[in-house]
Amino acid sequence: MTAPEGDPTAPEPDQEVLLRRLAADDEDALELLMARHWGPVVDYAERVAGSGAAAEDVAQRTFLRLWQHRDRWTPDGSLRGLLLRMARNLAISHQRKERSRARARERAAPTRDARVPGPAERLEATELGEELERAIQRLPERRRETFVLRFLHDLSYREIGDVMGVAEQTVANQLSRALKTLRRELGHLLDPW
Amino acid sequence: MSSANEVNDALIERTIRGDATSEELETIEAWLAADSAHRRRYRRIERLVEAGRELGERIESVASPGAAAVLAAAHRPGRGPGRRWLPWGIAAAALLALVGSLALRGGEDPRIPDEPLSVATGEDETATVELEDGTVVRLGSDSRLDVVGSADARETRLEGRAYFNVAARPDVPFRVRSSLGDARVLGTRFELSVGDRQLRLFVVEGRVGLSAADGRESVEVAGGELSGVVDGAVLPPRRVVGPDSLPDWIGTMLVFRSTALSEAARELERAYGIRVTITDSDVARRTVTGTFVNRGAEDVMRALCSIVDASCRFRPEEIVVSE
């Protein structure tokens, strides 16, 4: 039996129910799916595309695609993984276009050194979370992505492999390397007083 | 059984999350008991898991702008992605191909059937996809592959670099279009690299017809030959290496489609420089299907033996397969 609409005590509908409602053109189901997955999709897109504004656009296009093909989804497997994979493809496309534009701009502009955070900024980032966020940004691209999908988005090795198009063993290897780097870089913050 | 010195950070992380097997747990316990430095490393990873979880919670709590914006875009004429994307059936096959267990696993993802493929790679990555006709494409870094038209048309468009292992279909040629020229094949293996001004084609096996974008010039390039298009002119093919030599960036890539195990074994011998002996002729005739990218010889052979239900024994520089 379906809970009456607006009942605050009703349990949240699961993925399967929402996908079926989506297939039946239920716009509220899209609203609920966006509420559930928007943050992670934007965050991941930003890490791949490298810009907040682009990430929101990528996220919107990801959910647009979800809606446009609503009659074709089958409700098995991880929807989070699927959304992140769609976002990844869109973000990479965006990034490639941006790089082409940047290369064209670079030809006409002087080169600039990479920006290094100053002491004042480093002083502000004393919390482990903030230091971790900075350290994640310094990881090589694939290690960064693997770490983010595992630690921040809580995906299984298999789901990460599906999102990134790599084998599970590669996920494990990248994760091990990322962890090794991070525990060394953040050692002073990770050890108890 | 794993030994204490095999403990890596990923295993520790899985243990902390409760995902480790009982054997792995035993390994971790022995490893923790062995050295206080191990315990410190464990605690550091534990803190990283906690910190990552906190960041994740912050991400989860970001408010959605609401479905209205997406729905408005969906109803706006001409809005939305200009390109249609990877059919998830194909994507799943591609991903299965990467782990080399096509014949062993079923896909579990939600999927959209009947959609043309589009795959893009970033600056520091490669990707392998299997198309509906069985053609396997390894896409180089910073590249893009689109399947244009229907899957039956076997027509693709490439930006950047890719290696094609084309499924043989004598009735339907496989075509790769690019801004500089087109390659047309019936069943072969080749690498195509499209830059800003020049296109480079290296054929590993078979024959590929290459024509400039304006279609005025064309040549046929055979296995072991290199050709290209520079400033609109098609270069005459020249022999560079023996057939079966793969460009380095591709790594080791083996594609089997209903291939007899005996033939697959010969491929392994060529790729890894090992000897594969099949002691039973019935086993040798059994067929295998799967794609293996950058996997060790033992991994590949184990998977193949599992598919044909045979047993494998590994000796130095030799693998023996028997019933």
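Which helix of chain B holds both B:Glu267 and B:Arg270, and how many residues apart are they? Both lie in helix H6 of chain B, three residues apart, or about one turn of the helix. Please keep in mind as you look around that this is a predicted model. Below is a friendly tour of its charged pairs, its aromatic rings and one of its sheets.

**Salt bridges within a helix**

- Over all chains, the structure holds 29 salt bridges.
- One of them joins B:Glu267 to B:Arg270, with the closest N and O atoms 3.1 Å apart.
- In chain A, A:Arg47 forms a salt bridge with A:Asp43, and their closest N and O atoms are 2.9 Å apart.
- A:Arg47 and A:Asp43 are four residues apart in helix H2 (residues 27–49) of chain A, so about one helical turn separates them.
- Both A:Arg47 and A:Asp43 are buried.

**Charges between the chains**

- A:Arg183 forms a salt bridge with B:Asp9, the closest N and O atoms being 2.6 Å apart.
- This pair crosses between chains, from helix H9 (residues 168–185) of chain A, which holds A:Arg183, to helix H1 (residues 9–17) of chain B, which holds B:Asp9.
- A:Arg183 and B:Asp9 are both buried.
- Salt bridges that share partners also join A:Arg150, A:Asp154, B:Glu13, B:Arg17 and B:Asp19 into one network.
- B:Arg17 has an aromatic neighbour too: its charged end sits over the ring of A:Phe151, 5.6 Å from the ring's centre.
- Within chain A, the charged end of A:Arg70 sits over the ring of A:Trp67, 4.0 Å from its centre.

**Aromatic pairs**

- A search of the whole structure finds five aromatic pairs over all chains.
- Among them is the stacked pair of B:Phe164 and B:Phe190, at 4.9 Å centre to centre with 15° between the planes.
- B:Phe164 belongs to strand E5 (residues 155–165) of chain B and B:Phe190 to strand E8 (residues 189–194) of chain B, so this pair ties together parts that are 26 residues apart in sequence.
- B:Phe164 and B:Phe190 are buried, and together with B:Phe174 they form one aromatic cluster.
- The rings of B:Phe256 and B:Phe292 have centres 6.1 Å apart and planes at 55°, so that pair is tilted.
- B:Phe256 in strand E14 (residues 253–260) of chain B and B:Phe292 in strand E16 (residues 287–293) of chain B are 36 residues apart, and their pair links distant parts of the chain.
- B:Phe256 is buried with a relative accessible area of 2%, and B:Phe292 is buried with 1%.

**A sheet in chain B and its helices**

- Three strands of chain B make an open sheet in the order E15-E18-E17, with mixed pairing.
- Strands E15 (275–278) and E17 (311–315) of chain B are the edge strands, each pairing on one side only.
- From one strand to the next, the twist averages 20°.
- E17(B) and strand E18 (residues 318–322) of chain B run antiparallel and are joined by five bridges.
- B:Arg313 stands opposite B:Val320 in E18(B).
- Helix H6 (residues 261–272) of chain B packs on the sheet, touching E15 and E18 of chain B, and its direction makes about 165° with that of E15(B).
- Helix H8 (residues 297–308) of chain B lies across E15, E17 and E18 of chain B, running at about 160° to E17(B).

Terms used:
Residues are numbered from 1 along each chain as its sequence is written. Chains are lettered from A and ligands numbered from 1 in the order in which they are written. This is a predicted model: local features need pLDDT of at least 70, side-chain atom pairs count only at pLDDT 80 or more; totals for chains, interfaces and linings use all residues. Side-chain values use heavy atoms; hydrogens and water are left out. Rings of Phe, Tyr and Trp (its six-membered ring) pair if their centres lie within 6.5 Å; planes under 30 degrees apart count as stacked, over 60 as edge-to-face and the rest as tilted. Helices (H or I, at least four residues) and strands (E, at least two) are DSSP runs, numbered from the N terminus. Buried means under 20% relative accessible area, exposed over 50%, partly exposed in between (1.4 Å probe, protein chains only). A charge sits over a ring if NZ of Lys or CZ of Arg is within 6 Å of the ring centre and within 35 degrees of the ring normal. Two strands pair if DSSP finds at least two bridges between them. Axes are lines fitted to C-alpha atoms, for helices over the stretch in contact, and angles run from 0 to 180 degrees between N-to-C directions. Contact means heavy atoms within 4.5 Å. A salt bridge is a side-chain nitrogen of Lys or Arg within 4 Å of a carboxyl oxygen of Asp or Glu.
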